[in-house]
Amino acid sequence: TALSLQMACEMARRGLRVCYFSLETGPDTLAARIIANRLSTPLADVKEKRVPQSELDGLADLHKLPLLIRSASSKSVGWIKAQAQRMKAQVVFIDYLQLLADGKAKDRYQAITGISIALHELAQTTGILVVALAQLNRNAAHAAPSTADLKESGQLEQDADAILLLSDDGERSRASLDKNKEGRVGILLIAFDKECQRFLEVEERR
């Protein structure tokens, strides 16, 4: 979630109209995380309103960004598509796809397969870039995950144009671009400042 918020803000800063749909976390909580990220200040200070007004004034441009955050709890892909088109979104973030509703499915595998296909169709038919967060199997969270670790359906790997996997072995974090239809794949070493909700690229020691 922290990385996707950072990405969404950067895309909006570059002029793209971004809609961020959260199925688990409220918009106010996400806004606090964005403020912590942009100010490089502890999230706890933002939540407790200990950030000086002078620093908050420096975020005046944040309100002007074409970034819309919507609660989508219990909503379906169809609802997200309608909202995204109504708001003329160029980029849609979904946090996260396993929480999307699919009342017609008989089981979880069928549900996630259907959701994956629907998100792929959304991108193909509207031209909207869809960035969907997904859970990994638990044993992959602290190891080096692969696309096979995407939870509950292999359809996710098949439909995605690109797959970025995050992992943390307790000593360092990394982002692994394991699938990319349009170019190269590879690994990027990163650092996560949890207190300030920021991801930074780090140079690999030789």
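Predicted model: local features only at pLDDT ≥ 70, side-chain atom pairs only at ≥ 80, totals over all residues.
## Salt bridges in this model

At 22% relative accessibility, Asp 45 is partly exposed. In total, the structure holds four salt bridges. Why do such pairs turn up at all? Side chains of opposite charge can pair when their charged atoms come close.

**Around helix H1**

- Glu 10 and Arg 13 make a salt bridge, and their closest N and O atoms sit 2.7 Å apart.
- Both residues belong to helix H1, which covers residues 2–13, and they are three residues apart, so about one helical turn separates them.
- Glu 10 is partly exposed, at a relative accessible area of 28%.
- There's a network here too: salt bridges link Glu 10, Arg 13 and Arg 14.

**Between two loops**

- Asp 161 and Lys 181 pair up through their side chains in a salt bridge, at 3.3 Å from N to O.
- Asp 161 sits in the loop between helix H7 (155–159) and strand E5 (162–168), while Lys 181 sits in the loop between strand E6 (173–180) and strand E7 (186–193), so this pair ties together parts that are 20 residues apart in sequence.
- Are these two partners buried or partly exposed? Asp 161 is partly exposed, with 40% relative accessibility, and Lys 181 is partly exposed as well, with a relative accessible area of 48%.

Conventions
Residues numbered from 1 in each chain as written. Heavy atoms only, no water. Helix = DSSP H or I, 4+ residues; strand = E, 2+ residues; numbered from the N terminus. Buried < 20%, exposed > 50% of the residue type's maximum accessible area, 1.4 Å probe, protein only.
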